[in-house]
Each structure stands twice: as structure tokens, then as C-alpha cells.
Amino acid sequence: MMEIPDSLNAFLSLLGIGPKMAYLVLNVAWNNVQGVGVDTHEHRISNRLRWVAQPGGVQKTRSPEETRISLQKWLPKEEWDPINPLLVMLS
């Protein structure tokens, strides 16, 4: 049986695991909030709500990873965990 990794880099080194899943599992398995898990739907919703923009501009973010970075710049860290299920409910 494989143990659940306890670091972001360990998760990202696993085949098929991207940033969203790594952040979510770290939070759920280890209560270790290191980032916001953002998928395509959360990316789209964040842009529609105009919560995010490309660095230095007002243009929409182009990818879930850009959206994650933009959200983390203004969203207080204590809200990084609860924002994911809230956005998922909207998708």
C-alpha cells in the first residue's frame, strides 16, 4: 500500500496528479493548506465574477494555474480551503 505524500512536490511528482488535486489532498489528508485547488470550472467562474486578472492587468486569467495564483494574492489564507467547495457548488 502506498502512503499519502505529505508535500506538494511529492504529489506533483506522481503521474496524473496536477496542482488542483495536490492542494486538495494535502488539505484533506494532512490539514495542510498550501494553495487553492482550481479546476477549469472554478477558473471560469472566478473570471466571470471578475475576481481574477492576469498579472499587471485587467484581462481574464488564461488557465486554472493563473487563476489560482491570482486568487491567492487577494484571498486571505484562511479562505483558501472553503473557497473550493463554494466555487464547485456554482459549477
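In this predicted model, Asn31 is placed in the loop between α2 (19–30) and α3 (40–48). The phi of Asn31 is near 50°, a positive value in a residue other than glycine, and Asn31 is exposed, with a relative accessible area of 66%.

A second residue with a positive phi is Arg50, where the angle is about 60° although Arg50 is not a glycine. Arg50 belongs to the loop between α3 and α4 (64–74), and with a relative accessible area of 75% Arg50 is exposed.

The next topic is charge pairing. Side chains of opposite charge can pair when their charged atoms come close. How many salt bridges does the structure hold? There are 3 salt bridges in the structure, and they are set out in the table below.

| Salt bridge | N to O distance |
|---|---|
| Lys20 and Asp39 | 3.1 Å |
| Arg62 and Glu66 | 2.8 Å |
| Arg68 and Glu65 | 2.4 Å |

In the salt bridge between Lys20 and Asp39, the closest N and O atoms are 3.1 Å apart. Lys20 lies in helix α2 and Asp39 in the loop between α2 and α3, so this pair ties together parts that are 19 residues apart in sequence. Lys20 is partly exposed, at a relative accessible area of 24%, whereas Asp39 is buried, at 18%.

The partners Arg62 and Glu66, whose side chains meet in a salt bridge, can be described in the same way. Arg62 has a relative accessible area of 61% and is exposed, while Glu66, with 18% relative accessibility, counts as buried.

The pair of Arg68 and Glu65 sits in helix α4, where the two residues are 3 residues apart and therefore separated by about one helical turn. Leaving aside its neighbours within four places in sequence, Arg68 is in contact with Tyr23, Val36 and Val38.

Finally, Thr40 is found in helix α3 and, at 52% relative accessibility, counts as exposed. From Thr40 to Trp74 the separation is 34 residues in sequence and 20 Å in space, taken C-alpha to C-alpha.

Key: Residues numbered from 1 in each chain as written. Predicted model: local features only at pLDDT ≥ 70, side-chain atom pairs only at ≥ 80, totals over all residues. Heavy atoms only, no water. Helix = DSSP H or I, 4+ residues; strand = E, 2+ residues; numbered from the N terminus. Buried < 20%, exposed > 50% of the residue type's maximum accessible area, 1.4 Å probe, protein only. Contact = heavy atoms within 4.5 Å. Salt bridge = Lys/Arg side-chain N within 4 Å of Asp/Glu carboxyl O.
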